Amino acid sequence: MEELYREFEQLAAKNEPLQCAGIMMEQALKIYKAALSEDEFKMITSKILESRDDIQMPDKPTLN
């Protein structure tokens, strides 16, 4: 999981971050839709919406 996270982080750094985020969100929703029942999908998307104000800003990288 950590390796995948780092790969995506590098991809987003080399490309337009908002486009990368949109593609990642779309893919995640497609996977949830395919893997979950309709009720589970509704529950997880509701939880995502409800937690939108809890999302923290990422730390900005520092140059050392």
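This is a predicted model: local features need pLDDT of at least 70, side-chain atom pairs count only at pLDDT 80 or more; totals for chains, interfaces and linings use all residues.
Local features need pLDDT of at least 70 and side-chain atom pairs count only at pLDDT 80 or more, while totals for chains, interfaces and linings use all residues. Residues are numbered from 1 along each chain as its sequence is written, and side-chain values use heavy atoms, with hydrogens and water left out.

Four salt bridges are found in the structure (a side-chain nitrogen of Lys or Arg within 4 Å of a carboxyl oxygen of Asp or Glu). In one of them, Arg6 pairs with Glu9, and the closest N and O atoms are 2.7 Å apart. About one helical turn separates Glu9 and Arg6, because they are three residues apart in helix H1 (residues 2-14); helices are DSSP runs of H or I with at least four residues, numbered from the N terminus. Glu9 is partly exposed at 38% relative accessibility (buried is under 20% relative accessible area, exposed over 50%, partly exposed in between, with a 1.4 Å probe and protein chains only).

Lys30 and Glu26 form a salt bridge at 3.5 Å, N to O, and they are four residues apart in H2, so about one helical turn lies between them. A further bridge joins Lys33 and Glu38 at 3.1 Å, N to O. Shared partners also link Glu2, Arg6 and Glu9 into one salt-bridge network.

Tyr32, in helix H2, is partly exposed at 31% relative accessibility.

Terms used:
Helices (H or I, at least four residues) and strands (E, at least two) are DSSP runs, numbered from the N terminus.
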